[in-house]
Amino acid sequence: MTDSTPYTPPTVWEWEQETESRFANINRPIAGPTHDKELPVGKHPLQLYSLATPNGVKVTMLLEELLALGKTGAEYDAWLINIGQGDQFGSGFVDINPNSKIPAMVDHTTTPPTRVFESGAIMLYLAEKFEAFVPVQGSARAECLSWLFWQMGSAPYLGGGFGHFYAYAPEKWEYPINRYAMEVKRQLDVLDRDLASRRFLCGDEYNIADMAIYSWYGQLVLTGLYESKEFLNVASYSNVVRWATEIHERPAVRRGRKVNRASKNGLKERHDASDLEAFEK
Ligand SMILES: N[C@@H](CCC(=O)N[C@@H](CS)C(=O)NCC(=O)O)C(=O)O
């Protein structure tokens, strides 16, 4: 139950433009660009436009894993899209992602260049292009894609649902916090039961499903997205913690997490491996 005044929806919803909220630049009920802005293009075949949120990090993790495997064609330029400042509504970004959300990528090895948006689609595109981190056929592939799409369907309840109401909404309302905490704990239990008998989500092989799910649920249990570790009692999901810790410590994952950070001392753009080395010092 909430103690706020009950809301009676009007017959037709209308947009009351926010001015105060931290999301005033982001929240709007229409798509399309708000301003003209071309995207920069660097020297590498792959151009990534992103930010180090869980949805962004899963792609930089994969690119760094591919490079660590010796796939030199996976060299990339990573450009910062600062969603708090509305960069996702620039015309160049909307051209490569009509949905105006990071991450988005352009592959310049094809003619014409190939745009890819939605993090799951980008991961699958890269894994197939470089023939790594996705099983090629049969039940192993079905299992990997099942978990990959599980992440795409589940994480909005964690970020847009639980994270929004627990950390970002103007007030703490019991009803939505209960609703989404219950769902996120159910999701953690789904993962915990799978990982009780498996080293990685699909078995012995680490693949794009682990990367995608680690970026949300692994970071949730280890670093505490939304400062909710205690509230959600994440330590009780011991199999998830064990699996997340193993992934968290992989050198490529450590590198991937550092790319496209908008914070003052963060690595905003990555154009060469040496950018990261310099940053790591
Ligand atoms: N399903 C999308 C979700 C992407 C997404 O929600 N990105 C957020 C940052 S984590 C964003 O760009 N938000 C900006 C906005 O909503 O305007 C994906 O996996 O790529």
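## Domains

Which domains does the domain assignment of the chain give? The assignment lists domain 1, made of residues 46-133 and 258-280, and domain 2, made of residues 138-248. The model described here is a predicted one. Taken over C-alpha atoms, the centres of domain 1 and domain 2 are separated by 22 Å.

The contact between them takes 11 residues from domain 1 and 10 residues from domain 2. On the side of domain 1 that touches domain 2, helix 1 (54-68) and helix 3 (119-130) each supply at least two residues. By class, that side of domain 1 has eight nonpolar residues, two polar residues and one charged residue.

## The largest nonpolar core

The largest nonpolar core has 68 residues. Leu62, Met123, Ile208, Ala209, Ile213 and Val240 are the members that touch the most other members. Helix 6 (residues 208-222) gives this core its largest share, 10 residues. At least three residues of the core come from each of domain 1 and domain 2.

Which residues is valine 240 in contact with, leaving aside its neighbours within four places in sequence? The contacts of valine 240 are Leu188, Leu191, Asp192, Leu195, Tyr217 and Val221.

Strand 1 covers residues 46-50, and five of its five residues are buried, so the strand is largely enclosed by the rest of the structure. In a regular strand, side chains alternate between the two faces of the sheet. In strand 1, Leu46, Leu48 and Ser50 point one way, while Gln47 and Tyr49 point the other way. The residues on both sides are buried.

Strand 1 runs parallel to strand 2, and five bridges join the two. Within this pair, glutamine 47 stands opposite aspartate 77 of strand 2.

## Aspartate 77

Aspartate 77 is a residue of strand 2, which spans residues 76-80. Is aspartate 77 buried or exposed? Aspartate 77 counts as buried because 20 other C-beta atoms lie within 10 Å, and the cut-off for a buried residue is 20 or more.

Leaving aside neighbours within four places in sequence, aspartate 77 is in contact with Gly42, Lys43, His44, Gln47, Leu48 and His271. Tyrosine 49 is 28 residues away from aspartate 77 along the chain, and their C-alpha atoms are separated by 8.4 Å.

## Strands 3 and 4

Strand 3 (residues 104-107) and strand 4 (residues 114-117) run antiparallel and are joined by four bridges. Aspartate 107 stands opposite threonine 114 in strand 4. The two strands are linked by a hairpin of six residues.

## Cis peptide bonds

Most peptide bonds are trans. A cis bond joins isoleucine 102 and proline 103, with omega of about 0°. Proline 103 is in the loop between helix 2 (91-96) and strand 3.

Another cis peptide bond joins threonine 111 and proline 112, where omega is about -10°. Proline 112 has its place in the loop between strand 3 and strand 4.

## Positive phi angles

Most residues other than glycine have a negative phi. Glutamate 227 is not a glycine, yet its phi is positive, at about 50°. Glutamate 227 is found in the loop between helix 6 and helix 7 (238-248). This glutamate counts as exposed because it has 10 C-beta neighbours inside 10 Å, where 12 or fewer is the cut-off.

Asparagine 260 also has a positive phi, near 65°. The loop that holds asparagine 260 lies between helix 8 (251-258) and helix 9 (273-280). Asparagine 260 is buried, because 28 other C-beta atoms lie within 10 Å.

## Around the ligand

Which residues surround the ligand? They are Ile26, Thr53, Asn55, Ile83, Gln88, Ser100, Lys101, Ile102, Pro103, Glu118, Ser119 and Gly120. By class, this shell divides into four nonpolar, six polar and two charged residues. Ile102 and Pro103 are among the residues around the ligand, and a cis peptide bond joins this pair.

Note on methods: Residues are numbered from 1 along each chain as its sequence is written. This is a predicted model: local features need pLDDT of at least 70, side-chain atom pairs count only at pLDDT 80 or more; totals for chains, interfaces and linings use all residues. Domain bounds come from an automatic or database domain assignment. Two residues are in contact if their C-beta atoms, placed from the backbone, lie within 7 Å. Ala, Val, Leu, Ile, Met, Phe, Trp, Tyr, Cys and Pro count as nonpolar, Asp, Glu, Lys and Arg as charged, and the others, Gly among them, as polar. Two strands pair if DSSP finds at least two bridges between them. A residue is near a molecule or strand if its C-beta atom, placed from the backbone, lies within 6 Å of it. A nonpolar core is a set of buried Ala, Val, Leu, Ile, Met, Phe, Trp, Tyr and Cys residues joined through C-beta atoms within 7 Å.
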